[in-house]
Amino acid sequence: MASSSNNTLSSFNFDMPFANLKPVVEKLQAIDVANSSSQPLIPEELLTISKENPLLTFQFEEYLVMKAKQVNKSLDEAVPLQHPVKIHEAMRYSLLAGGKRVRPILCIASCELVGGDESLAMPMACAVEMIHTASLIHDDLPCMDNDDLRRGMPTNHKAFGEDTAVLAGDALLCLAFEHIACKTRNVSPDRVVRAIAELSSAIGSQGLVAGQIMDLESEGKEVVDDILDVTKSSKELGKTAGKDLVSNKATYPKLMGIEKAKKFASDLMIQAVQELAYFDAARAAPLYHLAYYIANREN
């Protein structure tokens with residue numbers, strides 16, 4: 001069945017070999033996409049479609065659904081409802097609450113890009129989602145962002161209490177690394193250790209935690225935030241809209257304005273596309289579509 005997402009990339013020149021995207025990138029950079037708030041990040045003027053190109057024929061929506069289904073199954077199996085029941089209920093409540101699973105899918109797609117398969121990357125993909133969920137649980141706490149809504153549901157501390165929410169986040173963080181170490185198969189131990197080290201670095205005092213502390217320190221100051229927080233409703237986002245404005249948090253739209261923030265997102269997407277141009281087009285297709293999807297997502 002053809003996917004409607006084939007139109008997602010219709011604004012790129014697919015007649016051009018994937019390994020030579022420089023002219024397309026230069027055209028994209030030359031166009032002022034900030035002229036209209038309703039204008040897509042990538043303009044329609046660049047439309048010249050070659051239906052044989054794997055980037056265009058790739059069924060992106062089907063890929064997302066298929067991979068998310070596999071990730072959800074693996075996450076469900078990774079956190080069984082066992083004793084002590086309350087903490088596992090709280091962990092599962094946030095971990096299995098839905099979401100697009102973009103982060104684990106990025107992990108799997110990156111593995112596939114270099115010739116690996118889903119089974120090799122799934123433990124790491126699940127760990128990434130566990131860490132992400134733990135960060136959301138903690139981020140929503142009254143001592144942090146003090147939010148009541150997440151993924152369309154009451155936040156963890158609203159459902160289970162602040163004490164259990166803190167422990168649920170801690171438990172998911174610990175489980176993430178245990179899961180990589182114990183469940184990764186057919187990957188050399190040295191690579192598993194390197195992957196754990198890389199992930200640890202990304203979420204520590206120079207990574208995720210650094211971002212969170214900067215987020216807290218930026219409240220009430222002139223700096224930067226999420227475009228969607230400004231432009232979408234709580235129902236659309238599945239979380240409290242406009243929260244950063246209420247807390248006077250420094251955000252990208254606040255610093256740059258909505259249109260310049262959108263342009264910045266477009267520039268980052270172009271940079272991602274340039275990086276992918278060195279790989280086989282068929283293998284790169286999921287990441288190519290994901291770059292566009294993330295830059296143009298609605299929630």
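By salt bridge I mean a side-chain nitrogen of Lys or Arg within 4 Å of a carboxyl oxygen of Asp or Glu. This is a predicted model, in which local features need pLDDT of at least 70 and side-chain atom pairs count only at pLDDT 80 or more, while totals for chains, interfaces and linings use all residues. Residues are numbered from 1 along each chain as its sequence is written, and side-chain values use heavy atoms, with hydrogens and water left out.

The structure contains 10 salt bridges. One of them pairs E129 with R101, with the closest N and O atoms 2.7 Å apart. This pair links distant parts of the chain: E129 lies in helix α6 (residues 118–139), and R101 in the loop between α4 (85–95) and α5 (102–113), 28 residues apart. Helices here are DSSP runs of H or I, at least four residues, and strands are runs of E, at least two, numbered from the N terminus. Are these two partners buried or exposed? Buried means under 20% relative accessible area, exposed over 50%, and partly exposed in between, with a 1.4 Å probe and protein chains only. E129 is buried at 1%, and R101 is buried at 3%.

A further salt bridge joins K263 and D267, at 2.9 Å from N to O. These residues are four apart in helix α15 (residues 258–276), so about one helical turn separates them. D267 is partly exposed, at 31%. Shared partners also join K67, E112 and E118 into one salt-bridge network.

Finally, the cysteines. With a disulfide taken as a pair of cysteine sulfur atoms within 2.5 Å, the count is zero. C143 is exposed at 63%, whereas C182 is partly exposed at 45%.
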